[in-house]
Structure formats: C-alpha cells, structure tokens
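Open the model in your viewer and follow along. We start at one residue and then step back to the whole chain.

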Amino acid sequence: MTNRTTKEAQYQPLIEIANKMGHATLGLMVNQAWYDDPKRLSFTFARYKFAAKMLSGKARVLEVGCGDGFVSRVVCQEVGELTAIDFDPVFIEDINRRMVDKWRFEARVHDIITVSVDPGGFDAAYSLDVMEHIRPEDEEAYLSNIAASLHEHGVFIAGMPSLESQDYASPQSKAGHVNCKSAPDLKAALERHFHNVFSFSMNDEVVHTGFHKMSHYIFAMGVGRK
C-alpha cells in the first residue's frame with residue numbers, strides 16, 4: 001500500500017485501485033508464458049478476443065478446457081454468463097483462488113469426454129487450444145458432448161494450432177499435441193455435428209481467411225447443431 005501521489009493527476013486512480021484491490025496474480029499457465037515467452041500472451045489474448053467478439057451478446061456461454069482461466073475475462077466482457085470447465089482440478093483451484101467479484105464466472109471441474117454440461121442449456125461454447133490435446137479416439141465424445149450442451153441453434157468455436165505449424169512447435173507443446181489438424185480436417189470434424197461451419201486462419205494476432213497451410217493457428221465455427 002502506498003500514499004504516494006503521481007505527478008499527473010489522471011494516473012492517481014492507478015494507485016487507488018492498487019491500494020483497494022492489490023496487484024493481480026497471473027494464472028499458472030500465463031505465469032509460465034510470461035516467464036518463458038512473453039509475446040505469446042499477445043497471441044492468446046487475440047484468440048480470446050476473436051471468440052469474445054464472435055459470441056458477443058450471447059446469454060449463456062460455455063468454455064471447454066479453460067486451463068487457468070486468466071484470459072476468460074475477455075469473454076466475460078461480451079457475454080451474459082460464462083461457465084468454464086476443465087478436467088484438471090489444479091487449474092480450477094487456481095481460477096477460483098484468483099476470482100474477483102467484478103469479473104466473476106463459474107469455474108468447475110468437468111471432463112467433457114465423459115458427459116455433456118447441462119444438456120441444451122447453452123447458447124454458445126468455445127474451446128481454444130484444447131482439441132489438439134484430445135486423443136483421436138476421444139474426439140467424437142468431445143464434440144458430441146459439446147454439441148449436446150448447446151440448444152439447437154447454438155454456436156461452437158474451436159481453435160487450435162495448425163498441423164502445418166508443428167514443425168516449429170516447442171518440445172513442451174509437441175508432447176501434448178496428439179491431434180493437430182489442417183483447416184479442412186477441422187472443418188470436416190465440426191461438420192459431423194453442426195449444419196454450418198465457417199473456417200478462419202490466424203498468424204500471430206491477425207485473424208484472416210487466407211491460405212490455411214501458411215497459418216499457424218486455425219478456427220472453425222459451427223452453427224446449429226445436428
């Protein structure tokens with residue numbers, strides 16, 4: 001806590017907020033990225049901003065595989081209510097330990113491979129940097145249970161590193177990436193569960209519709225579950 005006064009008055013609220021709320025603590029995953037590769041955070045925030053803007057105005061949204069939930073707050077800015085799930089209790093405990101009232105959302109342990117969440121109860125869902133960790137033999141359960149969590153007109157956004165990007169992935173990333181796809185294959189996977197699927201590509205912070213084989217990251221957005 002400090003009673004110091006900034007030289008320019010417009011910055012004094014920074015001191016007031018720090019004194020009132022303390023300094024925010026990074027999530028477990030973001031903390032590691034900040035230590036090892038700070039620029040990676042700009043990519044992560046951009047992915048969440050894309051999902052947030054695509055789902056803006058949705059009343060009830062599900063995040064599947066939220067990790068430490070640090071960037072989920074970006075989606076909270078745009079939607080009515082957010083429920084975030086992860087199968088690892090370590091990450092859910094980390095989220096709830098850092099939760100603040102202004103940006104409160106529900107975070108709970110749940111394995112989407114096993115069962116859906118509140119069947120038909122969500123307007124939209126998104127799952128970023130998760131599907132590449134889902135074993136191929138579990139992919140149908142993953143997608144089926146996400147789709148079952150949505151109402152019939154629901155929207156689902158999946159985002160993942162492209163298959164083509166894996167030549168440049170770090171050893172740590174490669175260890176968990178067991179199901180990377182090219183953009184056409186990701187689209188085809190969602191088409192098994194949604195009537196309409198739209199593809200996007202991403203390089204660094206820029207989302208585009210360019211040549212997918214030159215994209216580091218890919219999105220597919222499914223609309224209207226089958």
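**Stop one: A220**

Select A220, which sits in strand β8, residues 217-225. Strands are DSSP runs of E with at least two residues, helices are runs of H or I with at least four, and both are numbered from the N terminus. This is a predicted model: local features need pLDDT of at least 70, side-chain atom pairs count only at pLDDT 80 or more, and totals for chains, interfaces and linings use all residues. Residues are numbered from 1 along each chain as its sequence is written, and side-chain values use heavy atoms, with hydrogens and water left out.

Is A220 buried or exposed? A220 is buried, at a relative accessible area of 1%. Buried means under 20% relative accessible area, exposed over 50%, and partly exposed in between (1.4 Å probe, protein chains only).

**Stop two: the neighbours**

Now select what A220 touches, leaving out residues up to four places away in sequence: F156, I157, A158, L186, K187, L190, V197 and F198. A contact means heavy atoms within 4.5 Å.

Next, pick I85. It is 135 residues from A220 in sequence, and their C-alpha atoms are 20 Å apart in space.

**Stop three: the whole chain**

Zoom out. The protein chain has eight helices and eight strands. Its C-alpha atoms fill a box of roughly 60 × 40 × 30 Å along the principal axes. Colour by burial: buried residues are 44% of the 226 in the chain. Finally, show contacts with a separation of 6 or more: 67% of them join residues 24 or more positions apart.
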